[in-house]
Amino acid sequence: MKESIGNISLAAEEKQLITSEQAWHYRIIPKEQEEKSITFYTDDSTDKLSLQEELEIVFGKDIRIEIIEEAVIQETLSRYYRNQNQEKRTASNSGFQLGREYDFVIQLISEAETLDCSDIHIETYEEKCRIRFRIDGKLIEKYVIEHGDYPALVNKLKIRANLDIAEKRLPQDGRISFNEMGHSFDIRVSVLPTLYGEKVVLRLLSRDATDLNIEKLGFNEIQLKHYLEAVKKSSGIVLISGPTGSGKTTTLYATLKELNNEKTNIITIEDPIEYTLPGINQVQLKENIGLTFSAALRSFLRQDPDIIMLGEIRDGETAKMAIRAALTGHLVLSTIHTNSAWGTISRLIDMGVPPYLLASTLNVTAAQRLVRLLCPDCKQSVSVEEINFPDSFKPPYAIDTVCTPQGCEKCFYTGYSGRKAVYEIIPINNILAEKVKSEEFRVEKELKEMNVVQLHHKAFDMLAEGLTSIEEVYYLLMAN
């Protein structure tokens, strides 16, 4: 008899009983595991007796089969056992076990790259150890690891990153060049001592920036015009602000690709080097030996550069060196952590940059965020009356309908598919330059006259167009 059942929720421990390949091949979902038996859900598309016999051979345990609706099986498989680009995948979803014939580290990193994961979090707590993937800006728990196996996994990663496996009291940073299973990219490794052991975060870095296109990043037509005019000047500073993970580095690399040619000498100092571009001289930051942003910039000025890219302006010394480079006829591109494009001005002044120098060197200041896009196959349009807007949320203009996330097989029942950058671009004209000199920071009227689209307006435009949800827009506003 086919059982009627609602949505199935799988904990990481249950999910990793089988691999993605096994789940899709046999169309099975783990229900529970006992010492000598495992119970699986399946639908009535397969022969129950034959499936049971084959699974007993595969797992070496007694197998129990429960038949449920096909739609529930399909949804659960799509949600928990992602089948995207299945023909290219060899990564396993089984848990980490010592002595297995494959290297779990290789399997883990390959799977993360296939799923477009940006970061892997490997962490330990009093009662369990787990691995989480950051996909589209959100963390998803993928595996649970036995406490006894956790130190071996950490040591494997440390060895690959050329870190000291005996040092467990201090943070360590390293890098892995990954060339396995058809994948080739670099990984930044950060190890941090915590209460119950060492936490490891792996940042997956792309090696190739040749596919980046500045016209496809998310600028509207006016923003792109203002931005390109600013970056194609022979000197000055171009600054991009935003929180960690907002896509600032991607924007900078797309800009460098636009400016890169045989007549131009481009030098970068980065931490880490996330992309590589032929024809650009890239330097890796090494603070432990004194190669800081400011020290590198001081050396760069003797390398006859036309364009200098600083990964980040972190302190007053670096900010002043960047101003000096711009004043001596160089174009400087960099990022800075502020909440808004105009907030960059006050941040640099607080760092000790004289306002009159800032006014004469700053070409453009930009702010950006990444907004998750609703899945086009399952998003649902509803009237505004049906949505409970947060009390502190004030729409900039009236709209009749919005779209909400639903979830389907194509988006793995998350309701979202991909992300898009939203920008606020402020070109520094003579009027704004005078405001900077006099340290007048209230420029709402001037920005409105310049038709500058602010971040929250751009995000709300995406909501009005049905591209994203109210949750994403509200989250952006709260972070702004």
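## A walk through two sheets

Start by selecting Ile122 and Ile131: Ile122 stands opposite Ile131, which sits in β5. Keep in mind as you click around that this is a predicted model.

Now widen the selection to residues 117-124 and 129-135. These are strands β4 and β5, and they pair in the antiparallel sense over seven bridges. Show the rest of their sheet next: it is an open, antiparallel sheet of six strands, in the order β6-β5-β4-β9-β8-β7. Head for its edges, β6 (138-145) and β7 (172-180); each has a single partner strand, so one side of each is left without a neighbour in the sheet. From one strand to the next, the twist averages 20°.

Two helices come next. Pick residues 104-114 for helix α5, which lies across β4, β5, β6, β7, β8 and β9 and runs at about 110° to β8. Then pick 150-160: helix α6 lies across β4, β5, β6, β7, β8 and β9 too, running at about 45° to β9.

Hop over to Leu195, in the loop between β8 (183-194) and β9 (197-205). Is Leu195 buried or exposed? Its relative accessibility is 71%, so Leu195 counts as exposed.

Last stop: the open sheet of seven strands, ordered β12-β11-β13-β14-β10-β15-β18, with mixed pairing. Its edge strands are β12 (281-284) and β18 (416-427), each pairing on one side only. Here the twist averages 15° from one strand to the next. Zoom in on β11 (residues 266-270), which runs parallel to β12 and is joined to it by four bridges. Select Thr268 and you'll find its bridge partner in β12, Gln282.

How values were computed: Residues are numbered from 1 along each chain as its sequence is written. This is a predicted model: local features need pLDDT of at least 70, side-chain atom pairs count only at pLDDT 80 or more; totals for chains, interfaces and linings use all residues. Side-chain values use heavy atoms; hydrogens and water are left out. Buried means under 20% relative accessible area, exposed over 50%, partly exposed in between (1.4 Å probe, protein chains only). Two strands pair if DSSP finds at least two bridges between them. Axes are lines fitted to C-alpha atoms, for helices over the stretch in contact, and angles run from 0 to 180 degrees between N-to-C directions. Contact means heavy atoms within 4.5 Å.
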